[in-house]
Amino acid sequence: MIQHSLEDLQTILQLDSRYYGFLDLSDPKNSEIKELIQRTITALQDEVAHSHSHSMQMIKLDAKSQPIKSDLPTSDVEHIKENSCNAQHKNNDFKSGSSNETPVSATHSTTSIGEVDVNTYCKLGHLHLLMYEYSEALSAYQKYMRLSAKYWENHAFLYGIGIVYFEFRCFKWSIKSLQELLYLNPHFTCANEAHLRLGLMLKANGEFRTALKHLQLALIDTSPSTFTDLQVKFQIAHLYEVQNKHKAAKESYEFILNNKNVSLDLKADIYRQLGWMYHCVECLGEKKERESNALLFLQKSIEADPKCGQSLYLLGRCYAGVNKVHDAFLAYRNSVEKSEGNADTWCSIGVLYQQQNQPTDALQAYICAVQLDKEHRSAWTNLGILYESCGQLRDAYACYSNAIKRIANKKIGNAQEGNKTLYAKSSTNGLTKGLAQRVKFLESQLSQAPLPSITSKRRQLCSIEEAWNLPISLEINSRQQQQQTIQMQQRQFGKNPSVQGPPPPYPHSHGNTGNPIPAKRVKEDAEHTARNRTDATPNSSQQQHQMNSAQFLQQPLNRQSIKTSSSPGPTSSATSAANEAISERTNYGSEIISSDNIKEDNDANDFELTEQKLQIRCPNISTKLAEDDALNNYNGTNNVAIKYESLTHFNDDTQTNFKDQKPKVEYDNDQESLPTFNIQMDSKQLWSAVKQLSVDEPPINFSITTKNTPPPSPPDCPPQRLTRDQLLPPTPSVHLENKKNAFSPQLQEFCLKHPIAVVRGLAGALKLDLGLFSTKTLVEANPDHSVEVRTQVNQSPDENWDVSQAKRVWACISHRSHTTIAKYAQYQASSFQDSLKDEGDKGSAGSQVMSDSDSKDSVSNSNINLRRKRQKNGSKMLRFGTNVDLSDERKWKPQLSELQKLPAFARVISAANMLSHVGHVILGMNTVQLYMKVPGSRTPGHQENNNFCSININIGPGDCEWFAVPDSYWGGIHNLCEKNNISYLHGSWWPVLEDLYKENIPVYRFIQKPGDLVWVNAGCVHWVQSVGWCNNIAWNVGPLTARQYSLAIERYEWNKLQSFKSIVPMVHLSWNLARNIKVSDVKLFELIKMCLLQSLKNVFHIQEYVKSKGVEVRFNGRGKNEASHYCGQCEVEVFNVLFIREQEKRHVVHCLPCSLKLSPSLQGIVCLEEYRLSELQQVYDSFTLYRTQGLGQAH
């Protein structure tokens, strides 16, 4: 039995996932620690195996209740497993001197197998992670997660498993773990590392706005880290580039170049980015000047890094673009010498040979390309063109067919709204159609062609089957296999191989066999010394770049590639491009998941993580959680990698000698000693309880829901299987005859009882003058008023086709622009006139499609088919006028006055409407918005902000078609969005109805006629399309019910976890509700009181913590109708205690976690309070359950 000294034991207890990237076990100075970790892993594994063996023996002996005793003595191993979890939270923090982790109490973490404590598996996971043994770490972590009842309270575990998933490129699960970690503990020691990885993964997924937020949070954090400011700024610049914000990207790249501390590696990558941008992006100047700049920057990139084949390849592309064929060949040849596993380079070589009328050489080059990347559609297309030009139609047909298959296999990524990039290029559509036409033509030719005979004319080129075995191709494959074998051997013996790298056109060209050590990053004005040392360390990481700004195809699995081709002939539109991705190495001594980690063909352009390959990589994973099937079936992400600068050795204050850091081996297992909080406490009791909390660490996990609950997550769908009829339920509707019906309590009860309801005839019953909202009246009132315009594809309401019109997808294409009411009115009128002319030409069948008077609760199949044919033949675009703000009473007084005729529960402003108590304007929620539509205008799928109810009235003259799903099924739709690579919150999606039915999700479907009011209940998922020309008005309401409030705070917390801004400030609203209303509903009272309790507790705790730092809390007060405050960095609501940087010209409010990132000691930070504590205490104590006489109000 291995025995540990006390010092060794303290060291082992201190080690956890937070040391990942900071503890360099390849450094000879740390050889003792490495040996200690290996011995500990062996001891813990032996104990697990021994205990399992005894358990099996006892089971065979039918020992029912006798505890299984291990023969191993109770020694250091027992001590480690019992205390590892608490130790990792209570020792001295290795970076900042304290840990913000929450200890995992014994009451919920002692699930065991035999006598093995569950924390043993967590400790094993940490130790394997520090040894870069990712598969073993994953196995241990998943075992721990399966057995631990409250695994989420172990923050080091969440970070560790998030890192492991990141290394395996299971971005979906890595994002989930790291988001939960930052939600539970924004002060986590390695929060900056988590933010960086989230930024990179979200950038790969196309969620650019959220990615930017995380990268900026990583940038402002002054904590020690494994990356530098310049590296993060580089990622931010690249983020602008992939969004086609080329000028912003160019300025950001140039800003980094002006920094004197920029390393050669990073300089080479920036020059490469700039060079290719100048080559591709027209807005950067005249073509001649751009080509000159492109060549200059690419040559500078090669000077900075002569061994990199990427820049040489791009230089060849630029030379080819200006017809310098000889120079292009030289550049390609040099690129191949540096990185011959580059399919794009071989494809470009083939293009040049083909242009020079050297078909045999072109054939060899194309074969090399498709062997290196079987998905290279441009190479297949060009190969087909080559064969067809030589009269070999059968071979051409085979190549074109392969190209079409490759395109069909590629999923179009999110068509993002707003400033997000559309992951498609129009030429893709043309390429698909052009190839399809060629294939059909060749099929007809081949069907009539005679069979080849011996006397047939000799072929100019060998067939595709023969070409596949050409000597040059065999030689390349042989060398690839030899290289892969060497790398496998290196891994088996624990060596770090030189990195072959991510997919072309950017393979790694300069390996690093050591473990780079992170620098301690400080602010810009103190970086000079550290950065000089940084530049001295060789760097093995790469940056893969977006090669063509117009094309950015997202793959269904771990890959984003855009193929290169520039051939003459009919498919020249298929040319251009290369690979975006962001290639990187973690620089912690191992690749993130490189080709040599997973793939059998490590030069291929494919980074799939299939079940079979994962099992090869992780043969010892015997236990997997059901929800971790992502490793087999995860919704892939792009092959995004991190471009890191060279990293320095540890500074003396980070790690000179690990053993000099003496951890506190103090364990506080008595969770019962901490104060408890409940809504029965008055403010004085709450204040006394808060004083018992420690102020050594900042308050964490501020949640307005009940404590000790897991992080919010989408719910499972109801388990009941539905019949086909139940999947198509009738829409709840009521027809109003008169004003009395409209104001009856039964109408409100009817609406609150159903997920969605249609109130028909409302305008007539209340004599609403809908003409006030007609386009004519709006133009007369305010012709220059702003209108947001969404440009969309005109499609049938129940269909959503991809760009090529080949298949149904979820991504809903939408581009944002702006115009005025008068200009949109002209478009709306001209659209109507054009349609009348078209329908007159087509006859009665066509006019029936556009008829509003004939619309029913479901569009007839004949109409759908007619629209489908017209759409599939035309791809007509339309413009939808949305989000017209009608909040200004001076401009829209007649319109807003008319809405006062509505019953109280449906009015914009009402005492019974929660949103009327916010105290300030929230555009579109407690104000009216107008929508101006032409047929086909779409509002994509969504839930209302913070799950509040909404009111929508159709002004007419046309109809709208609605689709809606009950709120209990929103988790199912969320999962389907993930399967289709679309963000549920940020993305623009239009569900495929058959997908919903297959997942047992019911859908309401109905027509909203002019004058009809649609009530969307809390949390209902819905999407809408106009059938005719019409205007709609809409706003949100918040009925004072427990269900509405509960769903609102649930979404508030989930938004926080997702880094999505909640535009309804629920904490501020709850305090105003407590001031303004009396609540008799017990459930609603308890929910609001809990929010008051948690927020007041947080205010007390923050102020005590701030005072302990020597910072004065100044009273600032609050202006009338002043808007609620949100953090300028992370966009969470900031209630009462505001943090502002003293020297900022423009005062920006920060939350406490972001303030501590900027200044850990809070120096230079001003702390302001909006309400005096006595005022909040008085409101809190005065908010009591209102007891009515007789029957209480039931909500």
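The UniProt record, an unreviewed entry, lists "repeat: TPR" for residues 118-151, 343-376 and 377-410; its positions are given in the numbering used here, and such annotations may be inferred rather than shown by experiment. This is a predicted model, in which local features need pLDDT of at least 70 and side-chain atom pairs count only at pLDDT 80 or more, while totals for chains, interfaces and linings use all residues. Residues are numbered from 1 along each chain as its sequence is written, and side-chain values use heavy atoms, with hydrogens and water left out.

- Residues 118-151 are 79% helix and 0% strand, with end C-alpha atoms 10 Å apart; helices (H or I, at least four residues) and strands (E, at least two) are DSSP runs, numbered from the N terminus.
- Residues 343-376 are 79% helix and 0% strand, and the C-alpha atoms at the ends of this span lie 8 Å apart.

**Helices H18 and H19**
- The axes of H18 (residues 359-372) and H19 (residues 377-389) come within 9 Å and cross at roughly 155°, where axes are lines fitted to C-alpha atoms, for helices over the stretch in contact, and angles run from 0 to 180 degrees between N-to-C directions.
- That angle makes H18 roughly antiparallel to H19, a term used for angles over 145 degrees, whereas under 35 is roughly parallel, 65 to 115 roughly perpendicular and the rest oblique.
- The contact (heavy atoms within 4.5 Å) includes Leu363, Tyr366 and Ile367 of H18 and Trp380, Leu383 and Leu386 of H19.
- By class, the residues of this contact are 12 nonpolar, one polar and no charged, with Ala, Val, Leu, Ile, Met, Phe, Trp, Tyr, Cys and Pro counted as nonpolar, Asp, Glu, Lys and Arg as charged, and the others, Gly among them, as polar.

**Helices H8 and H9**
- H8 (residues 171-184) and H9 (residues 191-204) pack at an angle of about 140°, with their axes 10 Å apart.
- Among the residues that meet are Phe171, Ile175 and Leu178 in H8 and Leu198, Met201 and Leu202 in H9, and the contact has 11 nonpolar, three polar and one charged residues.

**Ser17 and the whole chain**
- Ser17 is placed in the loop between helix H1 (6-14) and helix H2 (31-60), and it counts as buried because its relative accessibility is 0%; buried means under 20% relative accessible area, exposed over 50% and partly exposed in between (1.4 Å probe, protein chains only).
- Leaving aside residues up to four places away in sequence, Ser17 touches His126, Leu129, Tyr141, Ala156, Tyr159 and Gly160.
- The chain has 44 helices and 21 strands, and 61% of its 1195 residues count as buried.
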